[in-house]
Amino acid sequence: MTRPTVGLAIVARDEEATLPRLLASVVGAFDQVALLDTGSEDRTVEVFEAWAVEAELPLGHRVGSFAWRDDFAAARNAAVALLETDWFSWADADNVIEGSERLRTIAECARPEVAALAFPYDYWPGGLYVRTEPRLVRRGRGRWEGRLHETLVVDGEVEDRGGDWALWIHTGRPPSDGSPRNLAIARRWAREEPENEQARATLDREEALAVGCANSTKAPPRCANSRGLGTGGVTPMHDDRIRQALDREARYAERLTAETGDSGERLVKLDGQVIGRARHVDTLDGEGGGDFGWKAEYWSGERFEECAATLLAEADDLEEADRFAVGEIAEALTDDLAKPRIS
């Protein structure tokens, strides 16, 4: 059987200073690498071409130009279209990819029904903001949507491979409190596509950031949107996504991370990001006073804070208690995260 080919798509503009770190991290990893330049005035293209010639890629390299039109998804789709490989991967110029040399083998061993493979993306140095994203996709099975904060929509099953295989790391500027450019793009997008839910949600986020609801020196952005969803250190998203994630955790309660080494604490994660925890408490004093059960707490971006409905009844059986408690914690977290927290 012929080994599948794997390509890397990069979108860049004026990245001659950062691009070499990414390229150094992928030497020998890809059969083809494509660069889509969106209007560089520095030596970004020259730096890439010099590297590509020296790398002697099996299927060569390609360079394309793109007239910028305030649409990140369009640029990413154009970059992927430059590739001729069986699978495509993607990265920004200020990323590095640890374990990139394993990607060919991972693609070769992927089950036929798998359309894409997801890996962690460490966006905030130190692991404070790690999310899981499709980063290795079969040709023709993934397409970008959204002019700003674009989303890769995959046609088929996405399998999570975890950071033991490969890890994308952001090495550029830390998360910001928003930008006039992003706000302008979001406003235009929402104005031109008023029925587009992603456009409205993106505008919510950018307007919240514009009024100063992010603290880039202490934690990833925290903000709230017009639907009242403020998730501390987690990027705002729809309530149903949080519910689905927490429901999934409830179904597999025995697999929840036990950071303390016992059943006394369990973290609840969404896209690899901690959004809350369940903490077992026993303060009974033998005279009918004190608490016994589980408490639900949400992650504020700096610390765990108690949810409004915190004390949960303890079931007789430990496994039943786990399932019951996590299900109740899903409710408590969802209710509390639905409250706006702009600070």
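Which side chain does R147 meet in a salt bridge? The partner is E193, with N and O 3.0 Å apart. The model is predicted, and every value here is computed from it.

Start with where the two residues sit. R147 lies in the loop between β8 (142-145) and β9 (151-154). E193 lies in the loop between α5 (180-192) and α6 (197-210). The pair therefore ties together parts that are 46 residues apart in sequence. Now look at accessibility. R147 has 14% relative accessibility, so R147 counts as buried. E193 has a relative accessible area of 28%, which means E193 is partly exposed.

Step back into helix α5. Here E192 forms a salt bridge with R188, and the closest N and O atoms are 3.0 Å apart. These two residues are 4 apart in the helix, so about one helical turn separates them. Both are partly exposed: E192 has 42% relative accessibility, and R188 has 37%. The pairs do not stand alone. Salt bridges that share partners join R147, E193, E192, R188 and also D70 into one network.

Next, turn to D31. Which residue does D31 pair with in a salt bridge? It is R104, and the closest N and O atoms of the two residues are 3.2 Å apart. This pair links distant parts of the chain, 73 residues apart. D31 is in the loop between α1 (19-25) and β2 (32-37). R104 is in helix α4, residues 103-109. D31 and R104 are both buried.

Side chains of opposite charge can pair when their charged atoms come close. With a cut-off of 4 Å between a side-chain nitrogen of Lys or Arg and a carboxyl oxygen of Asp or Glu, the count for the model comes to 15 salt bridges.

Is D37 buried or exposed? D37 is buried, yet has no salt bridge. The nearest side chain of opposite charge belongs to R13, 7.0 Å away.

Setting aside residues up to four places away in sequence, D37 touches A12, R13, T44, V45, G64, S65 and F66.

Methods
Residues numbered from 1 in each chain as written. Predicted model: local features only at pLDDT ≥ 70, side-chain atom pairs only at ≥ 80, totals over all residues. Heavy atoms only, no water. Buried < 20%, exposed > 50% of the residue type's maximum accessible area, 1.4 Å probe, protein only. Lys, Arg positive; Asp, Glu negative; His and termini not counted. Contact = heavy atoms within 4.5 Å.
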